[in-house]
Amino acid sequence: MTHQDTSLAEQIVLFGGAGDLSKRKLFAALYHLDVEHLLSSSTKIIAIARNKISKSDFQEFVRVNLEKYVKEPLIEHVVEQFVKRFDYVQLDVSDQEGFLALKNALRADTQTLYYLATPPSIYGLITQGLNAHGLNHKQTRVVMEKPIGHDLASSQVINDQVSRYFKESQIYRIDHYLGKETVLNLLSLRFANSLFSTNWDHNCIDHVQVTVAESVGIEGRWDFYDNTGQMRDMVQNHLLQIVSFLAMEPPTDLSSENIRDEKLKVIKALRPIDQSNIHLKTVRGQYTKGYKNGEPVPGFLEEEGANTQSHTETFVAIKAEIDNWRWAGVPFYLRTGKRMPCKHSEVVIHFKHQPHNIFGSSFEQLPANKLTIRLQPDEGIELTVMNKVPNISNDIEVRETKLDLSFSDFNKDKRVIDAYERLILSAIEGNQSLFIRRDEVEAAWTWADSILNAWTASSEPPKPYAAGSWGPVSSISLIARDDRNWDE
């Protein structure tokens with residue numbers, strides 16, 4: 001997973017160049033790559049959108065959004081250089097002849113990265129248009145944003161459309177969680193440290209919790225979210241990718257195919273959840289009115305444009321189990337939702353209790369060790385261990401102590417790299433390690449579809465939970481049935 005030479009001239013084409021993802025993430029990520037001298041001096045960026053706008057006006061649009069979304073002080077001379085990289089092409093992708101304007105703006109036979117920051121439903125039209133004008137030559141790559149489809153069948157349709165014009169080796173299916181420092185650090189944490197590599201199985205681990213909480217609601221995206229829901233938006237991709245990194249076997253090496261082979265085995269080993277066990281293994285919820293930072297917020301069915309009969313879930317909790325030798329009997333509790341108390345993503349590995357307690361004066365039962373991996377907002381690792389309380393007494397009193405490694409504290413003079421920076425650079429370099437292979441997508445949909453179909457067959461609506469809470473009461477019961485509690 002080492003960076004390769006980026007000295008060749010590249011062209012980056014942003015479909016959806018005026019959209020929300022480009023404004024919030026892609027401009028900033030490309031700017032930071034420029035700051036680090038990771039873009040060739042001749043790299044050109046071409047933004048594609050339907051709006052009629054001049055090149056100079058679009059360059060100003062880029063500048064304005066850098067000022068809005070880049071957290072650090074901008075380096076003015078880099079900004080000047082960066083915005084000049086941009087060209088703009090007005091294009092309606094449903095007009096195949098319109099791709100001629102893009103062809104005229106591109107350098108011929110140059111390494112080109114097409115980033116599809118558009119709804120997946122038009123990926124087929126885009127790749128068809130590129131093919132019609134010979135813009136999918138062997139030096140091209142295409143980055144596809146998730147979610148790819150809304151179920152297995154629709155994902156296969158989209159992938160078939162794209163693979164008609166691009167080989168699998170040219171396709172980069174993005175999940176930004178795979179670019180996070182802490183997710184990547186799982187590889188080194190697990191496989192570079194005997195402390196963990198020899199204790200990472202059912203013999204030592206009691207259970208695992210994965211929480212991805214969002215404090216926001218649907219942010220005006222009612223139609224999109226009502227047709228998607230938290231299961232499709234978060235579990236099928238983000239959470240399953242995290243689980244696959246946590247549970248995978250050691251790859252032979254760090255090549256993209258070996259890493260992705262091991263991740264796929266985990267997803268295929270997930271025990272099916274269907275109508276026979278849906279009520280015991282899952283909870284789906286929908287937020288009602290409540291409070292955020294002391295201010296009242298509406299419920300999901302009270303949001304602007306809402307269908308008051310909607311059964312779309314805004315919260316999901318799942319007890320997932322992996323049927324293989326390493327993880328037999330170790331549940332993975334997954335939880336994600338909107339309008340929760342804070343924006344918070346973490347993995348907690350709960351180790352088993354000591355079999356015998358000689359410190360009964362301090363604890364009737366010794367608390368088990370925990371390894372907490374924080375994904376956001378403060379990326380880092382925390383290990384909870386038992387430690388002696390300093391005192392002069394001959395009695396040994398123990399208490400829980402946290403060994404905390406915050407990435408921002410550890411690298412005080414360095415910025416924590418944004419996931420999109422790493423992923424775009426990997427795509428430029430042709431490194432597919434952090435991208436999802438088609439068979440991974442289909443295995444994940446196969447497992448997720450079984451749950452979605454079981455919910456559809458059930459007459460039960462999602463469980464209500466107040467905005468600002470940690471989800472429905474039944475999500476507590478899900479884990480409490482096993483005599484465990486959520487980490488909050």
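Biologist: Why are α1 and α14 called roughly perpendicular?

Modeller: Their axes cross at roughly 65 degrees, and 65 to 115 degrees counts as roughly perpendicular, with under 35 roughly parallel, over 145 roughly antiparallel and the rest oblique. So α1 and α14 are roughly perpendicular to each other. Axes here are lines fitted to C-alpha atoms, for helices over the stretch in contact, and angles run from 0 to 180 degrees between N-to-C directions. Helix α1 is residues 20-35, helix α14 is residues 419-429, and the axes come within 8 Å. Helices are DSSP runs of H or I with at least four residues, numbered from the N terminus.

By the way, this is a predicted model: local features need pLDDT of at least 70, side-chain atom pairs count only at pLDDT 80 or more, and totals for chains, interfaces and linings use all residues. Residues are numbered from 1 along each chain as its sequence is written, and side-chain values use heavy atoms, leaving out hydrogens and water.

Biologist: Which residues of α1 and α14 meet?

Modeller: From α1, L21, K25, L26, A29, L30, H32 and L33 meet Y420, E421, I424 and L425 of α14; contact means heavy atoms within 4.5 Å. By class, that contact has eight nonpolar, one polar and two charged residues. Ala, Val, Leu, Ile, Met, Phe, Trp, Tyr, Cys and Pro count as nonpolar, Asp, Glu, Lys and Arg as charged, and the others, Gly among them, as polar.

Biologist: What about α10 and α11, at what angle do they cross?

Modeller: Roughly 110 degrees, for α10 (residues 229-247) and α11 (residues 256-269). That makes α10 roughly perpendicular to α11. The contact involves Q241, V243, S244, F245 and A247 of α10 with K263, V266 and I267 of α11.

Biologist: Why does D487 count as buried?

Modeller: Buried means under 20% relative accessible area, exposed over 50%, partly exposed in between, with a 1.4 Å probe and protein chains only. D487 has 16% relative accessibility, so D487 counts as buried. D487 sits in the segment after α16 (473-480), and touches residues including R335, E346 and K370.

Biologist: What makes something a nonpolar core?

Modeller: A nonpolar core is a set of buried Ala, Val, Leu, Ile, Met, Phe, Trp, Tyr and Cys residues joined through side-chain atoms within 4.5 Å. The largest one here has 96 residues, and M231, L246, I318, F332, L371 and W447 touch the most other members. Apart from it lies another core of 25 residues, among them F15, I46, V93 and I148.

Methods:
Helix = DSSP H or I, 4+ residues; strand = E, 2+ residues; numbered from the N terminus. Lists of a residue's contacts leave out its neighbours within four places in sequence.
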